Amino acid sequence: MLFDTHAHYDDEAFDADRELLLATLPERNVGLIVNPGCTIDTSRQAVALAEQYEYVYAAVGIHPENCGDFTDSDIDTLRALAQHEKVVAIGEIGLDYYWAENPSREWQQRVLRAQMALAEELHLPVIIHDRDAHADTLSIVKEFPQVRGVFHCYSGSVEDARTLLKMGWMLSFNGAITFKNARKAPEVIVEIPMDRMMIETDSPYLTPVPYRGKRNDSGYVSLVAEKIAEIKGISPEEVERITFENGKRFFAIP
């Protein structure tokens, strides 16, 4: 079975067929899913979906694109949501310097530190979003040596990957590794050991080739496993098995 460690089924792209899609994913060899929130509202939705489906788990957090109206009370809300037995991480959190209209870098950094501190308090791992902010993101996670996490949709350098591995972190890859312009991620995949790697879709985004441009869903995570197998020179079944166990271990799923 496959473990899609990052998919947003709270997204409006699934409003028309969410229940049917989620109900049929086990038939497509998907055995586990983690649905991270990006706001307080979507974090609540993630928990609700985890309650509804045995194989869906939730993470709760505030995404850097959505942190403009963050208040200290949001940490209290996330803390309460994180008490749910199916919440397995704080996320999706991080830094995003790509969009000019995003909250200021200083504000994003403040919100990230607050959520890293919450993860440290609750002894939960974190799911990190890092877009065009590699140096600052790495610097902040280093401030919290007791916190372990995963850089989802990893797009950094081999050197940064080595640093994260030394810190005990995981790296996760999605459909972007199948794109023609993918350069850094395949180099990183060659470099890192299989026991430090997870796979994801980031549904409904970043649909892998040959379905790029269509809505993504967890059924396509098999194409990510196949690409990693090609890069590593091993079988897709081995990638499937190892990444499934990696995800269960990382998120402490029985």
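What covers the buried residues of α7? The close-ups below, all taken from a predicted model, start with that helix.

**Close-up 1. Helix α7 and its cover.** Look along α7 (184–191) and you'll find that Ala 185, Pro 186, Val 188 and Ile 189 are buried. These residues sit on the same side of α7, because they span an arc of only 160° around the axis. As for the opening question, the cover over the buried residues of α7 includes α6 (158–166), β7 (170–173), β8 (197–199) and α8 (221–232).

**Close-up 2. The largest pocket.** Here we peek into the largest pocket, which holds about 1,100 Å³ of space. It is lined by 37 residues, and the closest to its centre are His 129, Arg 131, Cys 153, Asp 202 and Leu 206.

Close-up 3. Sort the lining residues by type and you get 14 nonpolar, 11 polar and 12 charged.

**Close-up 4. Strand β2 and its partner β1.** Now to strand β2, which covers residues 30–36. Here 7 of the 7 residues are buried, so β2 is largely enclosed by the rest of the structure. Strand β1 (residues 2–4) runs parallel to β2, and 3 bridges join the two.

Technical notes. Residues are numbered from 1 along each chain as its sequence is written. This is a predicted model: local features need pLDDT of at least 70, side-chain atom pairs count only at pLDDT 80 or more; totals for chains, interfaces and linings use all residues. Side-chain values use heavy atoms; hydrogens and water are left out. On a 1 Å grid over the protein atoms alone, a cavity is a set of points where a 1.4 Å probe fits but cannot get out, and a pocket is an open set with protein on both sides within 12 Å along at least five of seven lines; lining residues have an atom within 4 Å of a point. Grid points are joined across faces, edges and corners, and a volume is the space filled by probe spheres set on the points. Helices (H or I, at least four residues) and strands (E, at least two) are DSSP runs, numbered from the N terminus. Ala, Val, Leu, Ile, Met, Phe, Trp, Tyr, Cys and Pro count as nonpolar, Asp, Glu, Lys and Arg as charged, and the others, Gly among them, as polar. Buried means under 20% relative accessible area, exposed over 50%, partly exposed in between (1.4 Å probe, protein chains only). The arc is that of the directions from the helix axis to the C-beta atoms. Contact means heavy atoms within 4.5 Å. Two strands pair if DSSP finds at least two bridges between them.
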